[in-house]
Amino acid sequence: MAVNYQETNAASLLPIGGVQIFVGQAGVKKPQHDDLTLLTLSEGCTIGAVFTQNRFCAAPVRVCKRHLAQAAHIRALVVNTGNANAGTGEEGYERAVAVCAAAAKQAGCKTEEVLPFSTGVILEPLPSDKITAALPKVKPADWLAAARAIMTTDTVAKAASRAGQVGGSHTVRATGIAKGSGMIHPNMATMLGFIATDANIAQPVLQLLTQEIADMSFNCITVDGDTSTNDSFVIIASGKCGQSEIDNIADPRYGQLKELLGGLALELAQAIVRDGEGAGKFVTVEVVNAESRDEAKQVAHAVARSPLVKTAFSASDPNLGRLLAAAGYAGVPFDETKLKMWLGGVLVAENGGRAASYTEEAGQRVMDEAEITVRIDLQRGRESATVYTCDLTHEYVRINAEYRS
């Protein structure tokens, strides 16, 4: 079960003007299971998107990039679970395009105006015939149904909404869904994430906003250090809020919208970590007073992805030298005699060794908690970064050993 995270009530998820949702059953992996999602978009919607940096990227990612470059507007997104369509060569690409063509017929648009997304097993042919046969049968649905339909090993659907003032006189609404549980690590974290907002923002500006939001959310999480072939994060802006267009980053509304959508994306990203495969603990790693944010992230990620650190958290074992060792091999030339480290509110290390005030009992009390914060002060600058992770358990091994069975 996810760590301190429960499925959102469907009624709390805000509908977004200009975006229609449909789900259906293609039977890609198992029968009688919603595994197909179609989002249709009204004219005038803009799209921002970022994708996996894995060089072995999946066919749908390649199709998405091509269609974004070709089409003036995107009119539909189609998502299947159960098969990643990755490691499938040219045939996989053609099957992804075939799915786009079927979705385009359903949405009343051109093939290149559809973006495809797939998630599931790698290196197996996409059963595109099942998907194309199921598309005419999809039914209108709400955001929670869509969140459930894109799940793979997730134990809980991830969905959330935000609303706030942008520009002082207009309320902007946003709803997002995400899937992800294992194979989670930047860049991007292994996931599919979709946010729709009724904000009015020009496409080039939205693309920059999407990249910035990904860096402050989905690129700050790690479950197991594996970056997938299919990672995709998309923001859809329908422009239905009644505002004039945000067409440059100097517009004060840009920062307000970034805060609104960034908070939503971070909530979804943290939900992925809370639902990490077999996770029993949610861990926040803060690194402060670094020379640069990149340096701070480098140390934070080294600690957060260490199997030895993560298994110590799983066992609630205050074997905290593992955290110092991970920080030390991160490749950042800090002065170890100046570093300070806290576990929760307990000072663990200073002056190059164990803090004089530290006791095993105090460390144990923190390690027994379901949510733990590690804070590392490098004392070499003013920049900081935060990374979110979970523990590594026997259940993680079981889930991934049985993934294809």
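Val23 stands opposite Thr37 in strand E2, and on E4 the bridge partner of Thr37 is Val79. This is a predicted model, where local features need pLDDT of at least 70 and side-chain atom pairs count only at pLDDT 80 or more, while totals for chains, interfaces and linings use all residues. Residues are numbered from 1 along each chain as its sequence is written, and side-chain values use heavy atoms, with hydrogens and water left out.

**Strand E2 and its partners**

- Strands and helices here are DSSP runs numbered from the N terminus (strands E, at least two residues; helices H or I, at least four).
- Strand E1 (residues 19-24) pairs with E2 in the antiparallel sense over six bridges, and E2 pairs with E4 in the antiparallel sense over five bridges; two strands pair if DSSP finds at least two bridges between them.
- Six of the six residues in E2 (residues 36-41) are buried, where buried means under 20% relative accessible area, exposed over 50%, and partly exposed in between (1.4 Å probe, protein chains only).
- In a regular strand the side chains alternate between the two faces of the sheet.
- Leu36, Leu38 and Thr40 point one way from E2, Thr37, Leu39 and Leu41 point the other way, and all are buried.

**One cavity**

- The whole structure holds one cavity of 30 Å³ or more, a cavity being a set of points on a 1 Å grid over the protein atoms alone where a 1.4 Å probe fits but cannot get out.
- The largest cavity has about 50 Å³ of space, the volume being the space filled by probe spheres set on grid points joined across faces, edges and corners.
- Its lining residues (those with an atom within 4 Å of a point) include Val79, Pro60 and Phe117.
- Strand E4 (76-83), helix H2 (89-107) and strand E5 (114-121) each give two or more residues to the lining of the largest cavity.

**Salt bridges**

- Twelve salt bridges turn up in the whole structure, each a side-chain nitrogen of Lys or Arg within 4 Å of a carboxyl oxygen of Asp or Glu.
- Asp154 and Lys158 meet in one of them (2.7 Å, N to O); Asp154 counts as buried at 7% relative accessibility, and Lys158 is buried at 0%.
- Glu212 and Lys258 form another, with their closest N and O atoms 3.2 Å apart.
- Glu212 lies in helix H5 (residues 203-215) and Lys258 in helix H6 (residues 252-274), so this pair ties together parts that are 46 residues apart in sequence.

Terms used: On a 1 Å grid over the protein atoms alone, a cavity is a set of points where a 1.4 Å probe fits but cannot get out, and a pocket is an open set with protein on both sides within 12 Å along at least five of seven lines; lining residues have an atom within 4 Å of a point.
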